[in-house]
Each structure stands twice: as C-alpha cells, then as structure tokens.
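My entries follow in the order in which I made them.

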Amino acid sequence: MDITNNKLSFDVVSPEGRAMALAERVKARRLEMNLTQEGLSVRSGLPLATYRRFERTGKISLDGLLHVAYALDALNDFDRLFESRKYASLDEALEANQVTRKRGKRNE
C-alpha cells in the first residue's frame, strides 16, 4: 500500500487491490446507469451504508456482491470465475497434469 497525493493506492495484484479495482468498476457501471448510491442500494437490496463502505473500501460479502451484480445486470460475469483451464495444446495439458498435488499437514 502506498500513499500518494493523499490517496491510498493498492497493488492491483493483491486481494485488496483487486477488491478496490472491482469497487471502482462497479461505481463506474453505476454512474453509467445514472444510479445514485442510494438507488443501487435499493435495487440490490443492500443497506446504503453497506454499499457505501464497498465503494470506499472494496469490502463486501459475496452475497452482497452478487446482489450488486444482479442489480447492474452483470451477474453472468461470475460464470467465468474459477472455470476450468483451457489448454493451447495437448503438451500443455499433459504438463499441467504432471504437477503433483500437495497437501497440508493435519493438526493433531
């Protein structure tokens, strides 16, 4: 995290950075649809304070995010999240399958 010109900037590759980038994209979509924060809050069924916190911090529950996506007609965008990998060649697929799976230790 870096503070520049009185603004916090997050590394976009970090979870926090991704959350803030997502919140900024949601805000942009909300503004494109000429919705106020209150209007989107009503359409999504979220309390206004919850939605405002999301735009400000990027923090929101998965359920809340799904409701926001539904209100912004973007729910289908979640279909691609964690989908199976596509391989460019048979060699690439075989190489990916050769990776040994590791397991964590059980606490006893």
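**Ground rules.** I am reading a predicted model, in which local features need pLDDT of at least 70, side-chain atom pairs count only at pLDDT 80 or more, and totals for chains, interfaces and linings use all residues. Residues are numbered from 1 along each chain as its sequence is written, and side-chain values use heavy atoms, with hydrogens and water left out.

**Entry 1: helix α1.** I looked up α1, residues 15-32, which has 18 residues. Helices here are DSSP runs (H or I, at least four residues), numbered from the N terminus. From first C-alpha to last, α1 reaches 26 Å, close to the 26 Å expected at 1.5 Å a residue; the expected span is 1.5 Å times one less than the number of residues. I then listed its buried residues: G17, M20, A21, A23, V26 and R30. Buried means under 20% relative accessible area, exposed over 50%, and partly exposed in between (1.4 Å probe, protein chains only). What covers these residues includes α2, α3 and α4.

**Entry 2: α2 against α4.** I noted that α2 (residues 37-44) and α4 (residues 62-71) pack at about 105 degrees, with axes 8 Å apart. That makes α2 roughly perpendicular to α4, a label for angles of 65 to 115 degrees. Axes are lines fitted to C-alpha atoms, for helices over the stretch in contact, and angles run from 0 to 180 degrees between N-to-C directions. On the α2 side I found L40, R43 and S44, which meet H67, V68 and A71 of α4; contact means heavy atoms within 4.5 Å. The residues of this contact divide into three nonpolar, two polar and one charged.

**Entry 3: E55.** Is E55 buried or exposed? With a relative accessible area of 11%, E55 is buried. I placed E55 in helix α3, residues 48-57. Its side chain and that of Y51 are joined by a polar contact of 2.5 Å. Leaving out residues up to four places away in sequence, E55 touches M20, A23, K27, R30 and Q37.

**Entry 4: two positive phi values.** N34 is in the loop between α1 and α2 and counts as exposed at 71% relative accessibility. D73 also has a positive phi of about 55 degrees without being a glycine. I found D73 in the loop between α4 and α5 (90-97), and at 72% relative accessibility D73 counts as exposed.

How values were computed. Angles under 35 degrees count as roughly parallel, over 145 as roughly antiparallel, 65 to 115 as roughly perpendicular and the rest as oblique. Ala, Val, Leu, Ile, Met, Phe, Trp, Tyr, Cys and Pro count as nonpolar, Asp, Glu, Lys and Arg as charged, and the others, Gly among them, as polar. A polar contact is a pair of N or O atoms within 3.5 Å; within protein, one must be able to donate a hydrogen and the other to accept it, and residues adjacent in sequence count only if both atoms are side-chain atoms.
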